[in-house]
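Look over the sequence and the structure first, then read on.

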Amino acid sequence: MPAITAKAPGKIILLGEHAVVYGQPALAVPVFAVQAQAVVSAAPDLPRGEVRLTAAAIGLQDVSWQALPPDTPLRRTVALTAQALELSQPPAVRVWIHSDIPVAAGLGSGAAVTVALVRALSAFWGHPLPDEQVNALAYEVEKLHHGTPSGIDNTVVTYARPVYFVRRQPPQPFRLGAPLTLVIADTGVPAPTAETVADVRRAAEAAPAAYQALFARIGQLVEQAREHIAQGNVAELGPLLNANHALLQQMGVSCPALERLVQAARAAGALGAKLSGGGRGGNMIALAPPQAPQAAAAIASALQRAGAARVLVTAVR
Ligand code: MEV
């Protein structure tokens, strides 16, 4: 049996993070410039049921999945995939995992590794799982990463399309009336989403009325943004990104490094800029003006000068 390779892109949230955990809508898009990859090949030298994992980024070199602690995402992914296929002793395999998606940066690295691994394993074991099942399985694994995830990361990464997302509802792919050019910059400050989600939960429990109002206001911005994006009104989107950032600041999930990058992007001509993902580090996004080919490059250099650890320019269509 030849080796099977599967890939999954990163993702970025345009608007609606955190509020999406509380039932508000959010908009997110795939980022194809970064990706996770899983390669599964036959291991006839090993007993059935064995899965040996190599993932250099986390120091795994031909390690048995059963040697990993029970609640680790890779072990859980292998177990859930075999279970979904009703295979108690699947043919032994070796798996090589590589991802260039920065970890704990709001780009969906955990979800992308899970999706790539589920796809490669299920295809190798003879029954490629449909997207809906891949997504459901990746959501289970996301709970290990994030505690109480909304499910937006695994959804965008699985379907690899722009998605209008409301928790516990079927994802709705959304249409763009005009392409968006986004500049994505990483603060270089690692920020596990589980921590910021837990902090927001504590704050929301301490001041429920104030936080429900913040979440609802973010939901309104998302609805407006969806309209403007569908109609190709790119210029109208900028102020909505800025307004969403201000509400995230009020929720306490910005930080000095994010503020520096957001300000630098706006000063360099971005139509709008905001933190993206869990916050307190990780990435921010800036919207470049359309029909200005040099604009994205100017914003990208300003972000580099302002200390970004990594800058990506991506077109969303
Ligand atoms: C993480 O990418 C986005 C958050 O809204 C958490 C979630 O939706 O699970 C912060």
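Is Thr54 buried or exposed? The model is predicted. Thr54 has 15% relative accessibility. Buried means under 20%, so Thr54 counts as buried. Strand β3, residues 51-55, holds this threonine.

Next comes Pro256. Helix α8 spans residues 256-267, and Pro256 lies in it. Its relative accessibility is 63%. Exposed means over 50%, so Pro256 counts as exposed. Along the sequence, Pro256 and Arg280 are 24 residues apart. In space, their C-alpha atoms are 8.3 Å apart.

Where is Gly281 found? Gly281 sits in the loop between β9 (272-276) and β10 (283-287). With 1% relative accessibility, Gly281 counts as buried. Residues up to four places away in sequence aside, Gly281 touches Thr187, Val189, Ala191, Cys255 and Leu258. Gly281 also pairs up with Ala257 in a distance check: 24 residues separate the two along the chain, and 6.8 Å separates their C-alpha atoms.

The table sets out the accessibility values.

| Residue | Relative accessibility | Class |
|---|---|---|
| Thr54 | 15% | buried |
| Pro256 | 63% | exposed |
| Gly281 | 1% | buried |

To recap the places: Thr54 is in strand β3, Pro256 is in helix α8, and Gly281 is in the loop between β9 and β10.

Notes. Residues numbered from 1 in each chain as written. Predicted model: local features only at pLDDT ≥ 70, side-chain atom pairs only at ≥ 80, totals over all residues. Heavy atoms only, no water. Helix = DSSP H or I, 4+ residues; strand = E, 2+ residues; numbered from the N terminus. Buried < 20%, exposed > 50% of the residue type's maximum accessible area, 1.4 Å probe, protein only. Contact = heavy atoms within 4.5 Å.
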